[in-house]
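User: I would like to go through this structure step by step. Could you begin with a term that I shall need for the helices?

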Amino acid sequence: MPMRKAFLYSALLHATMVAAVVVVPYFFDIFGVDPLPVEDKQLIDVEIAGLTETTERRAPNPLPKPQPKPEAAPEPEPEETKVAALPPQPKPVDEPPPPEPVPAEAAVPETPPLPALPRAKPTPPPKEDEFESMLKDLAQELKVDTPPEDKPEPQGDFLEDLAKSLDTPDRAVEPDQPVAQMAPILGNRLTLSEEDALSRHIEPCWNVQIGARNPEELTVDIRLYMNRDGTVRRAEVVDQSKMSSDRFYRAAAEAAMRAVLNRRCQPLPIPPKKYEQLKSFVYRFDPSKMVGR
Amino acid sequence: MGIGRLLFDYLVLPAVRVLIIGAFALAVTSAGARAEIRIDVTRGNIDPMPVAISDFFSIEPGTENIGVELSAVIAADLDRSGLFAPIDRRAFIQSTESLQARPRFSDWRVINAQALVSGSVRYEADGRLRVEFRLWDVFAEVQMAGFAYKTPANNWRRVAHIIADAVYKRITGEEGYFDSRIVYIAETGPHTKRIKRLAIMDHDGANHKFLTDGSALVLTPRFSPTRQEITYLSYFNDTPRVYLFDINNGRQEMLGAFEGMTFAPRFSPDGNSVIMSYAKDGDSDIWIMDLRTRRARQITFDPSIDTSPSFSPDGRQITFNSDRGGTQQLYVMNADGSDVRRISFGEGRYATPVWSPRGDLIAFTKFFGGRFFIGVMRPDGTSERLLTESFLDEAPTWSPNGRVLIYFRQTPTDSSGGGGITKLYSVDLTGYNLREIKTPTDASDPAWSPLNR
């Protein structure tokens, strides 16, 4: 009996271990994967206001994968939600019967300081009508159209662009893994002034959105892969998942990307002897000290 | 052997192993992380972002003007925000027509555009206008957004505002505010016999219209967050009363039959109630009226003057000003009147608190040392910042996205009766980008609408 019991425990605990090893990763997988669809929806939801999204950039790094974009399935949904969302409004707007004798109408003709309005003098009613119809337009007539399919991206020099951009990462990939450059010798470290030079050099190209909400959450790390001459071969946002889940972060990350991709701030001041350490490095853009000064 | 041993074998040992492996992995990765150099950038430029807004390409004859005007309105909106700097179109290299195929990004980089707006316009078979636009990231060479709209031709301005909002939102992450309107008090006539009328216009000043005739004095209009309604103060038989105004049909209605004065009205965030001050026998308290039942309820009971109530966007709290502490200061309380706490402690007097639609700040008017200021502070009273200062700055109102404030500014009157000019101004909540908002007459008491729907 004790044997059996021991066996049982053993089996049970084994099972637990297996579960821990097998299930837990799945669990985290689920966590890792889940955000994406949710974010997508969020993005679409957020875009309401009668907007139809034709193409949203899915891949935030400059690796255009044009094929998936145009066909992106989620698009039809937003349209319908939006179109459905609009009708409720028109009702209140439509109802208003012919303009009533409101003070407003009496008021209109006697407005001397309104020379710019050509319809200031004519009888009040037409003006009211126009106003009505404007409101109607606002609420009801503005309809969202289907995504413009007629101008697919692949055209003209696009293929060249694609080839170019596909080309770049390839070169970048093998030698530049950050792991590859572990353990640099102490003497090869950047001096403070070299760090400062790198930091200062990019400042003019970084457009900071001051006044953004929760700036302390908008710190963005960008990993750069450099050419020997100090030009940027490739750049990527390190935290891709936040990029796709938080539209404020995405805006901040894109601003940081624009800074490092802006050729006006290249070449970066990379000391020739320090290229090995700076083949790939991270710029951390932190707007929190600039906000609301 | 027993359960203890088993537990040790199956729980403790593996745990220790995991710890060791984990520590090793950590050591490896942190060594890797230390190897990768990180440069901190904590300063950037706060110049507006250069954007190129191309004319919208006219796909068929007859829409050329609309295409040009669309892009002009979009550019003006973005420029006014202070966050974007539209590039002079005379610098553009690529034609609007060839842009329809695909931008030549190098052409736009040359003129320092960071983003590019392109678009087209044509008539549908049903006579409506079809406007299409795309937003491009010039450096990353990708499309950031693309939408198409159909609308009656005379509604093109609104489409332009909606496109500007879409660009603003995609690039900043925040909702835009261009597709919105402003009500204000239009003032004419001599200071001794001032005529004040309710007026409304698009946020950019277009489609201006007077809503009342000036026979009764009107003050402090506020937009409903949910309906085409305005609540405001009007004098009836020399007694100030809170009224409702229906923008759709011009109907006015007095709210409630109070004995005494009601003033400083404002809608609740759900649009179903109006919160206001009710003064009787020298005591002013805050009341709330349910617009569906027309029943009013008293919220504050202090013998002091409580006024200018404003809800937090979640409807749970109310900020107001009161002289219960001796001088006029700002307070916050729960929506049922409980837990009143003072939040302003700076020198001077504080008035007209308005809770930001984004929830993070309260804007106010401050009077100190003979000057007026518009400022913002957090709802707990910290981080007070003064944005503007003049002889008389008053009555801030928030843009729908909580980024921008509009208020009015009055110049001093001189001995000959001149001066005393009253105009609307806008300022970013960072204190940048102060601008006058053009109105046909003198203007005061502005109120920003929510985004149009």
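This is a predicted model: local features need pLDDT of at least 70, side-chain atom pairs count only at pLDDT 80 or more; totals for chains, interfaces and linings use all residues.

User: Which helices of chain A and chain B are roughly perpendicular to each other?

Analyst: Helix 11 of chain A and helix 5 of chain B are. Their axes cross at roughly 80° and come within 6 Å. Since 80° falls in the range from 65 to 115 degrees, the pair is therefore described as roughly perpendicular.

User: Which residues meet there, in helix 11 of chain A and helix 5 of chain B?

Analyst: From helix 11 of chain A, the residues are R247(A), F248(A), R250(A), A251(A), E254(A) and R258(A). They meet K169(B), R170(B), I171(B) and T172(B) in helix 5 of chain B. The residues of this contact divide into 3 nonpolar, 1 polar and 6 charged.

User: What about helix 5 of chain B itself: how many of its residues are buried?

Analyst: Of its 17 residues, 16 are buried, so helix 5 of chain B is largely enclosed by the rest of the structure. A residue counts as buried when its relative accessible area is under 20%.

User: At what angle do helix 2 and helix 5 of chain B pack?

Analyst: Helix 2 of chain B, residues 64–81, packs against helix 5 of chain B, residues 156–172, at an angle of about 45°. Their axes are 9 Å apart. The two helices are therefore oblique to each other. Helix 2 of chain B passes helix 5 of chain B in a right-handed crossing.

User: Which residues make that contact between helix 2 and helix 5 of chain B?

Analyst: On the side of helix 2 of chain B, they include I66(B), L70(B), V73(B) and I74(B). On the side of helix 5 of chain B, they include W156(B), A160(B), I163(B) and V167(B). The residues of this contact divide into 11 nonpolar, 2 polar and 3 charged.

User: Let us change topic. How many helices and strands are there in each chain?

Analyst: Chain A has 12 helices and 4 strands, while chain B has 5 helices and 31 strands.

User: What share of the residues is buried in each chain?

Analyst: In chain A, 44% of the 293 residues count as buried. In chain B, 58% of the 453 residues do.

User: What share of the contacts with a separation of 6 or more joins residues 24 or more positions apart?

Analyst: In chain A, such residues account for 74% of those contacts. In chain B, they account for 43%.

User: What box do the C-alpha atoms of chain B fill?

Analyst: Taken along the principal axes, the box is roughly 85 × 80 × 45 Å.

User: Now the backbone. Where is there a cis peptide bond?

Analyst: A cis peptide bond joins Q266(A) and P267(A), with omega about 0°. P267(A) lies in the loop between helix 11 and helix 12 of chain A.

User: Which residues other than glycine have a positive phi?

Analyst: Among them are T352(B), with phi near 40°, and A395(B), with phi near 65°. T352(B) is in strand 23 of chain B, and A395(B) is in strand 27 of chain B.

User: Is A395(B) buried or exposed?

Analyst: A395(B) has a relative accessible area of 10% and is buried, because that value is under the 20% limit.

User: Finally, where is R227(B), and which residues does it touch?

Analyst: R227(B) is in the loop between strand 11 and strand 12 of chain B. Leaving aside residues up to four places away in sequence, R227(B) touches G271(B), N272(B) and L291(B). At 36% relative accessibility, R227(B) counts as partly exposed. The C-alpha atoms of R227(B) and P446(B) are separated by 18 Å, and these residues are 219 residues apart along the chain.

Technical notes. Residues are numbered from 1 along each chain as its sequence is written. Chains are lettered from A and ligands numbered from 1 in the order in which they are written. Side-chain values use heavy atoms; hydrogens and water are left out. Axes are lines fitted to C-alpha atoms, for helices over the stretch in contact, and angles run from 0 to 180 degrees between N-to-C directions. Angles under 35 degrees count as roughly parallel, over 145 as roughly antiparallel, 65 to 115 as roughly perpendicular and the rest as oblique. A crossing is left-handed if the near helix is turned anticlockwise from the far one by less than a right angle, and right-handed if clockwise. Contact means heavy atoms within 4.5 Å. Ala, Val, Leu, Ile, Met, Phe, Trp, Tyr, Cys and Pro count as nonpolar, Asp, Glu, Lys and Arg as charged, and the others, Gly among them, as polar. Buried means under 20% relative accessible area, exposed over 50%, partly exposed in between (1.4 Å probe, protein chains only).
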